[in-house]
Amino acid sequence: MNRMRLILLALTVAVVPGSYFVFAQAPAAPAQPMSFFITSAPKGDGANYGGLAGADAYCQQLGTAAGRGTPVTWHAYLSTQGAGAVNARDRIGNGPWYNANGALVAMNVGQLHGDTIDQARIGNALGKQFSLTEKKERVNGVGDMPNTHDILTGSQADGRAYTDAADHTCSNWTSNANVTPPARGAGGPPPAPGPSAQLGHSDKQGGGNSSWNSTHASRGCSQPNLVSTGGAGLLYCFAVN
């Protein structure tokens with residue numbers, strides 16, 4: 001009986017406010033460093049980033065300014081076409097990736113793109129709440145003014161390059177051409193489509209398929225063309241290591 005009273009007394013003291021009895025607490029998990037972001041501002045020259053190397057350098061510049069520079073290597077999520085075509089999914093590392101607040105957005109390349117039925121069911125966490133810039137800011141989406149949710153990717157939904165004859169990458173990210181669709185001549189064939197960029201929606205809203213990486217094409221490659229479509233020429237940036 002005395003032993004039971006001692007146990008009850010000890011428990012009472014442990015929960016009394018202001019008592020000096022301290023429970024050991026498990027250490028909090030460390031915050032995960034940023035390994036994914038959307039560029040907070042465009043380069044300003046439409047879809048002309050100087051090719052993949054220039055786009056990667058821009059991601060590196062903004063990642064470094066946010067305190068995540070060397071030894072971290074940043075790549076832009078962009079595909080290219082033609083000889084030596086590059087798939088965006090093959091150049092971003094293996095994951096996992098975390099946003100600027102340390103929240104998980106995808107565990108690996110398969111989950112990012114929904115490669116399997118299970119991965120597609122689980123999905124990635126990209127969207128307006130989690131697809132943040134390197135400055136921890138949300139990107140304007142549907143319903144915001146201006147809407148800047150169009151993100152340059154040049155990619156199909158599986159993260160791979162297009163293989164048809166149309167230009168989906170604004171000449172592999174070297175063109176800022178201001179495209180005005182040519183008029184169709186009477187009885188003539190339809191005009192060839194001009195260069196454009198395939199775009200994803202950072203908020204996964206609008207465009208019919210709610211895709212983060214392959215929703216629709218831009219009207220052209222110039223800064224005004226990208227703005228008029230609903231974007232600003234922003235990039236997805238991933239840490240590859």
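**Chatting about the disulfides**

With the bonded cysteines of the protein numbered in sequence order, they pair 1-4 and 2-3.

Q: Hi! What kind of model is this?
A: It is a predicted model, where local features need pLDDT of at least 70 and side-chain atom pairs count only at pLDDT 80 or more, while totals for chains, interfaces and linings use all residues. Residues are numbered from 1 along each chain as its sequence is written, and side-chain values use heavy atoms, leaving out hydrogens and water.

Q: Okay, and what is a disulfide?
A: A disulfide is a covalent bond between the sulfur atoms of two cysteines. The cut-off here is a pair of cysteine sulfur atoms within 2.5 Å.

Q: How many turn up in the whole structure?
A: A search finds two disulfides. In one of them, the sulfur atoms of Cys 59 and Cys 237 are 2.0 Å apart.

Q: Where do Cys 59 and Cys 237 sit in the chain?
A: Cys 59 is in helix α2 (residues 51–65) and Cys 237 is in strand β8 (residues 231–239), so the pair links distant parts of the chain, 178 residues apart. Helices (H or I, at least four residues) and strands (E, at least two) are DSSP runs, numbered from the N terminus.

Q: Is Cys 59 buried or exposed?
A: Cys 59 is buried, because its relative accessible area is 0%. Buried means under 20%, exposed over 50%, and partly exposed in between (1.4 Å probe, protein chains only).

Q: Now the other link: which cysteine is joined to Cys 170?
A: Cys 221, with an S to S distance of 2.1 Å. This link is left-handed, with -95° about the S-S bond.
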